[in-house]
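Reader: I would like to read this model feature by feature. Please give me the general idea each time, then the case at hand.

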Amino acid sequence: MSFMYVIGFDGNQLNSKCIIAELDGLNGLILESWGQKNNPHYNEALKVIIHRIKSIGIQKINVFLASKPVMKNFPDSNSRKLYNSKDGFFHLEGQQAENLRLDLCRKQKFFSSTEIKTQARGNGSKRIFLHTDEIKSSNEWRKIALGDLSLNFGSTTDVDELSKRVGNIFEMELLKPEGVSNPHKLTTQAIVYSRSPDVVAYIIKLSDGNCEACEKPAPFKNKYGVPYLEVHHVIPLSKGGADTPENCVALCPNCHRAIHFSENNKKITASLYQKTSRLSR
Ligand SMILES: [Zn+2]
Ligand SMILES: [Zn+2]
């Protein structure tokens, strides 16, 4: 799973990375830190995360140090646990998120990568793993890291939903995402319609090679020598529209995209009905 940037209280990304992962057999959230330079907002991110965990009514969590050297030198996860109570949990009730964050950071300073110190010193190991039995799914952890915007950062196979999510985060200042090197692939069952070549040819010939919306010529000829125009069904086939000349228009690629995706798509369709007499509703 790829990393995410924690989203702060103001709805913008913090420069602090986290990963939802399984560690020592537990599912939880790893908050990364490779020092001030790479994750300058680590402290703020930790505060936001603690706040969100508290705000859904969770009173205690497990916190483990999780930097590679610490994990190597303290293989037993209990020996690198940060807690503020004898029960081994880090309790959240009755304290502000910022105080809890400070307390956690102070406790981190008792650890070097090789030993437990008697005095808090230095920067400590800052990669930590948070876990609680009360947060069961990765989606719930995603909500902790990203707040209300979490759904918009999830991947989707639905093209319209993708556009909507892009729209919802478009005004944010976005840090460079890691992306996914091997996007998840699914097999879907799609309904496809069988189309008649004579209807397509007839409509393109009727258009004289010009888009019936913007009236500009087709941008190129296709490899069979036919002007490249896309034949669009004014009433979609999926909504019971017919594959007939009375329901078809020849559009340039721009206008065809616009009629499907533009904010003005209804206007474009209305004007096509107005100026193309062969169309029937
Ligand atoms: Zn056009
Ligand atoms: Zn179309």
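Author: Start with strands. Helices (H or I, at least four residues) and strands (E, at least two) are DSSP runs, numbered from the N terminus. Two strands pair if DSSP finds at least two bridges between them. A word on conventions: this is a predicted model, where local features need pLDDT of at least 70, side-chain atom pairs count only at pLDDT 80 or more, and totals for chains, interfaces and linings use all residues. Residues are numbered from 1 along each chain as its sequence is written, while chains are lettered from A and ligands numbered from 1 in the order in which they are written.

Reader: Which residue in β2 is the bridge partner of M4?

Author: C18 is the bridge partner of M4. β1 and β2 pair over 3 bridges, in the antiparallel sense. The two strands form a hairpin, with 5 residues between them. In that turn, G11 has a positive phi of about 80°.

Reader: Which residues other than glycine have a positive phi?

Author: D24 is one of them, with phi near 50°. D24 sits in the loop between β2 and β3. D208 is another example, with phi near 60°. Its loop runs between α6 (197–206) and β8 (230–233).

Reader: How do I read a nonpolar core, and which residues touch the most other members of the largest one?

Author: In soluble globular proteins, nonpolar side chains tend to be buried together. A nonpolar core is a set of buried Ala, Val, Leu, Ile, Met, Phe, Trp, Tyr and Cys residues joined through C-beta atoms within 7 Å. The largest here has 37 residues, and V6, L29, L31, I49 and A145 touch the most other members. Elements giving it two or more residues include β1 (4–7), β2 (13–23), β3 (26–31), α1 (42–55) and α4 (138–146). The largest share, 7 residues, comes from α1. Another core lies apart from it, with 14 residues, among them A213, L229, V249 and I259.

Reader: What is V6 in contact with?

Author: Contact means C-beta atoms, placed from the backbone, within 7 Å. Leaving aside neighbours within four places in sequence, V6 is in contact with L14, S16, C18, A45, V48, I49 and A145.

Reader: Which residues of α3 are buried?

Author: L100, R101, L104 and Q108 are buried in α3. The arc is that of the directions from the helix axis to the C-beta atoms. Seen down the axis of α3, the buried residues fall within an arc of 100°, so they line one face. They pack against α1, β4 and β5 (81–82). N99 and R106 are exposed on the other side of α3.

Reader: How many helices and strands does the chain have, and how spread out is it?

Author: The chain has 8 helices and 9 strands. The globule rule is 2.2 Å times the number of residues to the power 0.38, and the radius of gyration is taken over C-alpha atoms. That radius is 28 Å, well over the 19 Å from the rule for 281 residues, so the chain is more spread out than a compact globule. Along its principal axes, the C-alpha trace spans about 85 × 35 × 35 Å.

How values were computed:
Buried ≥ 20, exposed ≤ 12 C-beta atoms within 10 Å, placed from the backbone. Contact = placed C-beta atoms within 7 Å.
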